[in-house]
Amino acid sequence: MNTFYVTTPIYYVNDKPHIGHAYTSILADVLTRYHRLRGGATYFLTGTDEHGQKVQAAARERGIPPRQHVDEMVVHFQDMLKAIGASNDDYIRTTEERHTKVVQACLQALYDKGEIYKQDYEGWYCEADEMFVAEEDLVDGKSPSGRPVELIKESNYFFRMGQYQDWLIEYIESNPGFIRPATRANETLGFLKKQKLEDLCISRPKARLEWGIPLPFDDDYVTYVWFDALVNYISAIGYGDPASDFATRWPAVHIIGKDILTTHTVYWPTMLKALGLEQPRAILAHGWWVNEAGKKESKTGGAGPTDPAPFIEAFGADAWRYHMIAEMRLGHDAPFSERGFAERYNAELVNDLGNLASRVIKLMAREFDGKVPEVDVSGSSLKASAAAAVTAYQQAFESDRPDQAVAAVMALVRESNGVFNEAKPWDLAKSGDKDALAASLVAPLEVLRVVSILLQPVIPEKSKALRDQFGFGDREPSLAAATEWGVIPAGTAVSPDTLFPRMKWKPKDEDTDKKPAAAAAAPPVGVATPDMITYDEFKKVQLRTGKISKAERVEGADKLLKLQVYVGDEIRQLVAGIAQYYEPEELQHKVVIVVCNLKPATIRGIESNGMILAASKGSSLKLVTVDGGQMSSGADVR
Ligand code: MSP
């Protein structure tokens, strides 16, 4: 069988990762792990897109060279992958030489074949979208994204993409699984049939954009960021190097969000065609996580995107992965709510799965000297249910419905809880009917073994922790083993453990005990509350501007930063609970508001003199700072 080679989009490093990036990575990870479970070879690639206008602009805004910016930002993405438990085999950065040399080789090959030509060009360019927009695609004189465009006249290099229009239509129509789900294939076909496919401008003059890969045949230009980025899918696996594994890995399954459909289903297939390469196995486009107002979770989407980090820290990576997969029907949008996340955790992981495991294994440990009793469970109704769940699970995965795969497993868990309850094992224990008791425990234990295998792709850590409770932790899980029944040997030691602790989590506004330490919760302006204070009382609080001169992490405390802050001539040391929201480097020279007359406190053995103010809502927190940021330190704040 060919390697199941799966990719995520390579993420832009102009911003920090959020729920959307984490989701695509989790989905790719789950699909990879599912294929591992099936028994085939897999290869999982992810990485970062580090060239282009947006990255150059973000670096300029920070006043640092682009190279330094990308080196700093990439860490956030790599940390995110660790936090979600991604099992990627490689991580490609487009600034690596192994990538840039393949991009240049592709460009040269296409240029030599006459697939690339130079021409004067005048057109509407949207800097924010980094693309030219055809006159007829302008919406009220703006890019379809709503961002401004400008008329640009320059010489550029073009890839003869237009010639592949008919071929591409025919290819998509005769390969129904190529773009999935089918709605996205129709969207691409609609686009291709509506208008003449233009050639693609693949260069940017260095005068306008320096941060890119130079064209190998004209040093005055760099490569258009998409032409550069898409090539990562082949550069990372060694395209052009006969000693690499390229031949056994390519073609890939590309997991993308629906926002980047055209680049992946039009630009990329035509580029591959021109290079004489096989088409991707599939392009699987998922929908968006949207916020409670129905807007795409993104930097510009209202309150800012959800950061998975606090949820993962509080509930664990598997709880987050589980929710992402169970909630999103692939291809559709899904709303994210903290309440929905916490409710699902408590209902499905704690009550359904956690309860089944704990009741069965605890009772077995207690009633049978900590060992699996000898009993024949081949007649249990759960045997057929488990087999049916495996089939439904597999069918769901094969039809791009991981949410339904999870649902099939959880239905089996719930059924097993019902069967367990009906058997009344506590009564059997009391009456001393050891055979019936053994049967009422071993059958659900077999279910738990099957479930721990099936859920392995989604909740890998907890699945292993579950198997550890009946001595199967070191066995490599496989789908084949999930189809077996009655295989846990009698006499196996069992050791009950809590899989999922119940969590008290009050979503967002109801949440009082999860507010980060530095952020004092102020009553809303203009609302009378019994806790009103007089002006004189308020005046007692000494607020001053301070300038952060140094920030560092507090060892062993994920949430804390130790800060040195200039307040006028004085330098103060204080500890703030903001480490999940700010990197120490970002804080240097920031002007903040310091509560100066707060009684000193010792936090983790470090003296803290005062407090800095921050605004916090839900899972986001921003330091309160001074308009324009130019105010010197020590100024009174009133
Ligand atoms: N750099 C390009 C991709 C180049 S691939 C050759 C890019 N980067 S991105 O950082 O903007 O990431 C976009 C991807 O992030 C989307 O395709 C999707 O996978 C994910 N998401 C970003 N926001 C999202 C949501 N709100 N919901 C779900 N996923 C979305 O585009």
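Is Asp 140 buried or exposed? Asp 140 counts as exposed, at 77% relative accessibility. Here, exposed means over 50% relative accessible area, buried means under 20%, and partly exposed is in between, with a 1.4 Å probe and protein chains only.

Before I go on, a word on what we're looking at. This is a predicted model, where local features need pLDDT of at least 70, side-chain atom pairs count only at pLDDT 80 or more, and totals for chains, interfaces and linings use all residues. Residues are numbered from 1 along each chain as its sequence is written, and side-chain values use heavy atoms, with hydrogens and water left out.

Okay, back to Asp 140. You'll find Asp 140 in the loop between strand E6 (131-133) and strand E7 (150-159). Those labels are DSSP runs numbered from the N terminus: helices are H or I with at least four residues, strands are E with at least two. Asp 140 isn't a glycine, yet its phi is positive, about 50 degrees. Most residues other than glycine have a negative phi, and most peptide bonds are trans. Asp 369 also has a positive phi, near 55 degrees. Asp 369 sits in the loop between helix H13 (338-367) and helix H14 (381-398), and with a relative accessible area of 70% it is exposed.

While we're on the backbone, let's do the cis bonds. Arg 180 and Pro 181 are joined by a cis peptide bond, with omega about -10 degrees. Pro 181 is in the loop between strand E8 (179-180) and helix H6 (182-194). Another cis bond runs from Trp 250 to Pro 251, where omega is near 5 degrees. Pro 251 lies in the loop between helix H9 (246-249) and E13.

Now the ligand. Which residues come nearest to the ligand? Of the 24 residues around it, those are Ile 10, Thr 24, Asp 49, Trp 289 and Glu 297. To count as near, a residue needs a heavy atom within 4 Å of the molecule. Sorted by class, that shell has 11 nonpolar, nine polar and four charged residues. The classes work like this: Ala, Val, Leu, Ile, Met, Phe, Trp, Tyr, Cys and Pro are nonpolar, Asp, Glu, Lys and Arg are charged, and the others, Gly among them, are polar.

Let's look at some atom distances around the ligand. A backbone N or O atom of Tyr 12 lies 3.0 Å from a ligand oxygen. A polar backbone atom of Gly 20 is 3.5 Å from a ligand nitrogen, and for Trp 289 the distance from a polar backbone atom to a ligand nitrogen is 2.9 Å. On its own the ligand exposes 670 Å², and the protein buries 95% of that. Those areas come from the Shrake-Rupley method with a 1.4 Å probe. The elements giving two or more residues to the shell are strand E2 (11-12), helix H1 (19-38), helix H7 (225-230) and helix H8 (232-235).

Thr 24 has another partner: its side chain makes a polar contact of 2.8 Å with the side chain of His 286. A polar contact is a pair of N or O atoms within 3.5 Å; within protein, one must be able to donate a hydrogen and the other to accept it, and residues adjacent in sequence count only if both atoms are side-chain atoms. His 286 lies in strand E14 (residues 282-286) and is buried, at 4% relative accessible area.

Last topic, aromatics. How many aromatic pairs does the structure hold? There are 35. Rings of Phe, Tyr and Trp (its six-membered ring) pair if their centres lie within 6.5 Å; planes under 30 degrees apart are stacked, over 60 edge-to-face, and the rest tilted. Tyr 111 and Phe 217 are a stacked pair, 3.8 Å centre to centre with 5 degrees between the planes. Tyr 111 is in helix H4 (residues 97-112) and Phe 217 is in the loop between strand E11 (214-215) and strand E12 (218-223), so the pair ties together parts 106 residues apart in sequence. Tyr 111 is partly exposed at 32%, while Phe 217 is buried at 18%.

And Trp 289 comes back here: it belongs to one aromatic cluster whose members include Tyr 23, Phe 311 and Phe 500.
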